[in-house]
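Please consider how the parts of a protein chain can be described one after another, beginning with a helix and ending with pairs of charged side chains. The paragraphs below follow that order.

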Amino acid sequence: MPAPHTPQDLLTRTALTVFRLNGQFLTVSEELAKPAGLTAAWWQVLGAVLRDPLPVAGIARTMGITRQSVQRVADLLVREGLAEYAPNPAHRRAKLLRPTAEGRAAVAHIDPGHARLAARLADALGETEFAETARVLERLATVLDDVVDADARCVNGQ
């Protein structure tokens with residue numbers, strides 16, 4: 001009979017699997033983005049502002065990456081004409097990033113390949129399991145944020 005899994009074992013397995021998935025998603029994203037003239041990082045930042053413009057710090061929080069790395073990518077996107085900075089009514093200095101028509105067209109160019117990959121994954125996993133996978137990962141991200149925030153408050157004596 002196999003030994004029970006401790007919480008630490010489960011955390012290790014989860015983290016290693018997420019790291020592997022991250023590598024797999026980055027590789028696939030680079031391939032999907034390349035024909036549109038984008039990189040995975042450019043697509044990630046443009047994707048974060050397709051619905052609503054956001055400041056760089058907001059994009060970083062949404063994507064779970066550093067503000068500095070988002071700033072570098074945002075500046076490149078603006079220089080390439082794929083995005084632009086707009087005034088932010090909520091904050092005078094933190095401009096909003098929004099895609100240009102050219103940026104939207106580049107992301108739209110990725111949609112067919114993205115849709116094919118999504119359909120293949122749904123076929124392989126089954127739509128119910130695919131939806132459950134997304135739900136569990138979203139829940140894990142939320143709970144991890146809460147736990148890390150609570151730990152930080154404990155460390156800082158709050």
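A residue is called buried when its relative accessible area is under 20%, exposed when that area is over 50%, and partly exposed in between. The structure shown here is a predicted model. In helix α1, the buried residues are S29, L32 and A33. The helix itself runs over residues 7–33 and holds 27 residues. From its first C-alpha to its last, α1 reaches 37 Å, which is close to the 39 Å expected at 1.5 Å a residue.

What covers the buried residues of α1? The cover includes α2, residues 40–48, and α5, residues 101–125. The second of these partners can be followed in more detail. The axes of α1 and α5 come within 9 Å and cross at roughly 140°. The two helices, α1 and α5, are therefore oblique to each other. On the α1 side, V28, L32 and A33 take part in the contact, and they meet I110, G113, H114 and L117 of α5. Sorted by class, the residues of this contact of α1 with α5 are five nonpolar, two polar and no charged. L32 and A33 were already listed among the buried residues of α1, and both also belong to the contact with α5.

The next helix pair is α2 and α4, the latter formed by residues 67–79. At what angle do α2 and α4 pack? The angle is about 90°, and the axes lie 10 Å apart. Angles of 65 to 115 degrees count as roughly perpendicular, so α2 is roughly perpendicular to α4. From α2, the contact is made by A41, W42, V45 and L46, while α4 supplies V70, V73, L76 and L77. By class, this contact of α2 with α4 has eight nonpolar residues, with no polar and no charged ones.

The buried residues of α3 are V56, G58, I59 and A60. What covers them includes α2, β1 (residues 54–55), α4 and β3. Is G58 buried or exposed? G58 has a relative accessible area of 8%, so it is buried. G58 and A118 are 60 residues apart in sequence, and their C-alpha atoms are 27 Å apart in space. Just after α3, G64 takes a positive phi of about 70°.

Attention now turns to a loop. T100 is found in the loop between β3 and α5. Because its relative accessibility is 15%, T100 counts as buried. When its neighbours within four places in sequence are left aside, T100 is in contact with G81, L82, A83 and E84.

The last topic is charge. Side chains of opposite charge can pair when their charged atoms come close. How many salt bridges does a search of the whole structure find? The search finds three.

Another salt bridge joins R135 and E132, whose closest N and O atoms are 2.7 Å apart. Both residues lie in helix α6 (residues 127–155), three residues apart, which is about one turn of the helix. An α-helix has 3.6 residues a turn, so residues three or four places apart point the same way. R135 is partly exposed at 43% relative accessible area, and E132 is partly exposed at 37%.

A further salt bridge is formed by E31 with K34, and here the closest N and O atoms are 3.4 Å apart. E31 is partly exposed, with a relative accessible area of 49%, whereas K34 is exposed, with a relative accessible area of 52%.

Notes
Residues are numbered from 1 along each chain as its sequence is written. This is a predicted model: local features need pLDDT of at least 70, side-chain atom pairs count only at pLDDT 80 or more; totals for chains, interfaces and linings use all residues. Side-chain values use heavy atoms; hydrogens and water are left out. Helices (H or I, at least four residues) and strands (E, at least two) are DSSP runs, numbered from the N terminus. The expected span of a helix is 1.5 Å times one less than its number of residues. Buried means under 20% relative accessible area, exposed over 50%, partly exposed in between (1.4 Å probe, protein chains only). Contact means heavy atoms within 4.5 Å. Axes are lines fitted to C-alpha atoms, for helices over the stretch in contact, and angles run from 0 to 180 degrees between N-to-C directions. Angles under 35 degrees count as roughly parallel, over 145 as roughly antiparallel, 65 to 115 as roughly perpendicular and the rest as oblique. Ala, Val, Leu, Ile, Met, Phe, Trp, Tyr, Cys and Pro count as nonpolar, Asp, Glu, Lys and Arg as charged, and the others, Gly among them, as polar. A salt bridge is a side-chain nitrogen of Lys or Arg within 4 Å of a carboxyl oxygen of Asp or Glu.
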